[in-house]
Amino acid sequence: MILRTMLLLVLLVMAPAAKAHSPLVATMPADGAVLAAAPDSLQLTFKGIARLARLSLARDGADIPLDMDHLMQKATQHNVPLPALADGRYKVRWRALSADGHVIKGTFAFTVGN
Amino acid sequence: MDIWVLILPLVRVILYTGMMLVNGSIFYGLLLGAQMTAGSKAHLAGLVRAGALVGLAAVALQVPASAGYLGGDVASAFDPLYLQLMLETTLGWSSLLAAAGFIMAVWLPRLAVKYHIPTGGLICLLIASAFAVHGHATTGGMVTRLLLVIHLACVAVWLGAFLPLHRLCRLATDDPVALLELAQTGRRFAQVGSITVALLLVSGGILAVFLTGSVTAMVATDYGLALSGKVILVSGLLGLAALNRYRLVPAVDSGERAAAARLSLSLRLEMLIALAIILVTSLLTTSLDLPMPP
């Protein structure tokens, strides 16, 4: 009786946790890409729903201001509009909240021009 | 250097320590309570209370620490937006379950270790479930979550016995009553331990396959390498457990006081390895990401 009650309790308390891990699966531009023309947006695609919490873009260590409207929204694909970018090597740093409650983060880089 | 990569696993280590102390002591009381003296029971209740306070401190720290990790700076740990975001995830539910279990353990430590299965069982369930509703264990649905609860229960039975047994070893060198209690408890623990270790290895093995996805990932990813390190540490712990079971406990059983001192040393080594296992597990559940599926 006690065992059955305990088992039922475990199932009940664990029921709300049906969430999947949402790692980053693709970016546009891809990591290491060399582009002839500057992209007009950044695209981050996650395996599941994720909230993008932080995103920064830097060229030679100097941060480039970005439109932050996309932050904190729940989506599998996040599109971030970019200002006009000059030729150079860019580094993107991001942090997001995975659907399973885990914080995930990463970086990727791309080059515009030669 | 991202300071949260260090802080978050440290908070997790504190949480695991609280869980091991509370659940381990409760299981020890429930499984071996019949052979305990009043002094041992009081010591066990003290461990439950201490573990519960440690656990509560970790619960209070884990939400701000996660918010700080999400934002990537110290200010984010106190930012209401980031804190709310973290509380809205399964971390919020997990913290609530853990807090409920630890608060019960602070109030009812003596009841929890005195064969009162509903109280002790409820506390253990609440705390173990807190680990199963948040994080990587949720990836495989109810199967991995139940496996984790079983795995944590077995870990608590095993590691939770270290401190009470170590106390008995110290007392047994010049107290015949403690030597007798140690011999009886050691015999009983050897029987319980066999089943526990078998369950622990099976549940841990299945969980590893679920989480890494392949044998290759065990050596080709940071997560897999850390998991392999954990397996090596557990193997060391198993070696010492075998030494205790087949050499030292029978020697204590035959009345050898010197064996109690050797068992005490072996238990101290086991506690060190257990701490290393907790450290690796904390990294696995916080800073390291699951391998990408092929």
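Which elements of chain B cover the buried residues of α8(B)? The structure is a predicted model, in which local features need pLDDT of at least 70, side-chain atom pairs count only at pLDDT 80 or more, and totals for chains, interfaces and linings use all residues. Residues are numbered from 1 along each chain as its sequence is written, while chains are lettered from A and ligands numbered from 1 in the order in which they are written.

Helix α8 of chain B comprises residues 162-172, and its buried residues are Leu163(B), Pro164(B), Leu165(B), Leu168(B), Cys169(B) and Ala172(B) (buried meaning that 20 or more other C-beta atoms lie within 10 Å of the residue's own, exposed 12 or fewer, and partly exposed in between, with C-beta atoms placed from the backbone). The cover over these residues includes α1 (4-32), α2 (38-71), α9 and α12 of chain B. Helices here are DSSP runs of H or I of at least four residues, and strands are runs of E of at least two, numbered from the N terminus.

Helix α11 of chain B (residues 222-253) has 32 residues and should span 46 Å at 1.5 Å a residue, which agrees with the 44 Å between its end C-alpha atoms; the expected span is 1.5 Å times one less than the number of residues. A kink of about 40° is centred on Asn244(B), the bend being the angle between axes fitted to the seven residues ending there and the seven starting there. Asn244(B) is also among the buried residues of α11(B), which include Tyr223(B), Leu237(B) and Leu248(B). The elements covering the buried residues of α11(B) include α9 (176-212), α10 (217-220) and α12 (257-285) of chain B. Just after α11(B), Gly255(B) takes a positive phi of about 90°.

The axes of α9(B) and α11(B) are 10 Å apart and meet at an angle of about 160°, which makes α9(B) roughly antiparallel to α11(B) (a term for angles over 145 degrees). Residues making this contact include Gly186(B) and Ala190(B) of α9(B) and Leu227(B) and Ala241(B) of α11(B), contact requiring C-beta atoms, placed from the backbone, within 7 Å.

Ser266(B) lies in helix α12 of chain B and counts as partly exposed because it has 19 C-beta neighbours inside 10 Å. Beyond its neighbours within four places in sequence, Ser266(B) is in contact with Leu240(B), Leu243(B), Asn244(B) and Leu248(B).

Chain A contains one helix and seven strands, and 27% of its 114 residues count as buried.

Technical notes:
Contact = placed C-beta atoms within 7 Å. Axes fitted to C-alpha atoms, helices over the stretch in contact; angles between N-to-C directions. Parallel < 35°, antiparallel > 145°, perpendicular 65-115°, else oblique.
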